[in-house]
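Please look at the sequence and the model while I speak about rings and their partners.

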Amino acid sequence: MNDIITTACKFVTSSIGRKILVALTGMCLLLFLVGHLAGNMTIFGGLSPEGGTSWIDSYATGLHSMPAWLLWAIRLGLLAILLVHVGLTLILKYENYTARTHYQMEGTLKATLASRTMVLTGVMIFAFLGFHLWQLTFNGDPHDCYHHILAAFQNPWCSAFYIVAICCLFMHVRHGVQSIFQTLGLNTRKIRPLYNIIAILFGVVVCGLFISIPVCVLTGILH
Amino acid sequence: MANLNLTLKVWRQENAQAQGRIETYKATNIPDEASFLEMLDIVNEGLVHEGKEPIHFDHDCREGICGMCSLTINGVPHGGKHVTTCQLHMRQFKDGDTIWIEPFRAKAFPLLRDLMVDRTALDNIIAAGGFVDIRTGSAPNANNVPIRKKTADAAFDAAACIGCGACVASCKNSSAMLFTSAKAAHLNLLPQGQPEKNKRVLAMVQQMDALGFGNCTNQYECEAACPKGITVDNIAKLNRDYMIACASEAVGVYS
């Protein structure tokens with residue numbers, strides 16, 4: 001037992017151990033993103049012609065009809081995962097900042113823009129998340145989700161903020177996805193290009209579909 | 001043979017405590033077959049002739065195998081041509097170029113003077129576990145120790161690290177992961193390194209963290225700057241070995 005505790009303590013304070021935790025929590029958040037996207041896509045089911053409930057309304061009421069303890073367990077679980085991801089990253093970033101002495105002439109060989117702006121895009125996503133929860137989760141009515149989303153995105157400022165935030169998400173995910181494989185030790189020179197393609201494809205598909213919602217609202221495809 | 005006339009922006013600093021600054025020097029009539037260090041020798045001869053203090057920089061073998069030369073050239077350690085500074089030739093530059101020359105920078109590499117930094121931290125990582133405790137005897141006969149060709153190649157590629165510290169100097173986070181992972185992988189891949197594998201991985205990572213290096217963010221600047229072509233596959237292997245070592249130590253699986 002003693003060995004387990006001391007090793008666990010060493011693991012969560014070491015550079016590699018914390019990076020692995022960031023990678024694992026990041027992976028959980030990516031899975032959440034996919035689930036969330038799948039739910040969002042029900043908006044394209046539109047309003048039912050007979051005046052019944054729309055797909056997204058039945059999806060939203062379905063989520064809310066979960067037992068309260070389960071709903072809150074999922075919410076708090078996600079919050080805990082998010083806080084571990086953000087907290088550890090900020091600590092690691094602070095250490096990185098203090099470990100470095102800056103050059104008068106900075107040169108970069110192959111570090112991507114996405115990889116160099118992870119904290120910036122991450123903070124942007126975090127800020128957006130607060131707004132997004134306030135706007136659509138805590139101030140929404142699950143029985144009239146469809147019109148609530150439509151009303152929100154008909155405001156061009158709201159749509160613009162959403163699109164910018166999702167673009168930040170793309171940058172974050174583009175580096176994050178392939179980074180997970182490296183940090184978990186699953187990377188080799190042969191397979192690296194494939195991970196890169198997976199990261200870009202994942203980002204393009206997920207972020208493209210998210211952005212399609214405000215775009216369709218603004219262009220009147222969803223009405 | 002064309003001769004080059006260059007402008008050098010060089011970091012000058014009298015000692016560790018002094019305030020450093022960039023100074024500008026003219027390097028005139030530099031033959032393009034000269035190495036980068038020979039170019040600095042020519043500039044230094046001029047400075048000595050004028051009664052000024054020459055530019056201090058690290059160098060030793062000047063044939064790309066000792067890992068002593070450093071210099072961050074235009075923001076890239078060793079100039080980014082996959083060779084050490086001593087093997088970088090002036091034909092890589094054009095007449096009239098301005099070249100920025102700075103030391104290898106990282107908090108873990110304290111500056112000694114001008115372009116010289118103290119890279120003892122890398123030796124400390126080796127001292128923590130980058131060795132084999134038992135006597136392994138002299139070189140065994142070929143095929144006496146069964147080892148897969150690809151494994152031997154990977155170990156040899158990792159062992160090509162000369163410990164110059166370009167990985168740390170190029171890293172946006174001053175992380176020593178490429179160095180540490182290469183030194184660990186080189187022994188961890190070979191049969192002689194197996195008995196101490198977990199102990200070695202844990203000790204080297206702990207030492208690396210304690211020395212104040214940053215944390216890897218998978219940007220692969222190190223691999224691009226490495227004069228010896230050490231790949232970040234070694235970092236992935238170190239991450240993997242670290243997980244295995246922690247798990248084995250925690251539950252008491254000793255192999």
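In chain B, the charged end of Arg105(B) sits over the ring of Trp11(B), 4.2 Å from its centre. That wording requires NZ of Lys or CZ of Arg within 6 Å of the ring centre and within 35 degrees of the ring normal. In chain A, Arg75(A) places its charged end over the ring of Trp72(A), at 4.8 Å from the centre.

The model is predicted, so local features need pLDDT of at least 70 and side-chain atom pairs pLDDT 80 or more, whereas totals for chains, interfaces and linings use all residues. Residues are numbered from 1 along each chain as written, chains are lettered from A and ligands numbered from 1 in written order, and side-chain values use heavy atoms, without hydrogens and water.

I turn to ring pairs. Rings of Phe, Tyr and Trp (its six-membered ring) pair if their centres lie within 6.5 Å; planes under 30 degrees apart are stacked, over 60 edge-to-face, and the rest tilted. The count is 9 aromatic pairs over all chains. Phe128(A) and Tyr162(A) are edge-to-face, because their planes stand at 75°, with ring centres 5.5 Å apart.

Are these two residues buried or exposed? Phe128(A) is buried, at 9% relative accessible area, and Tyr162(A) is buried at 4%; buried means under 20%, exposed over 50%, and partly exposed in between, with a 1.4 Å probe and protein chains only.
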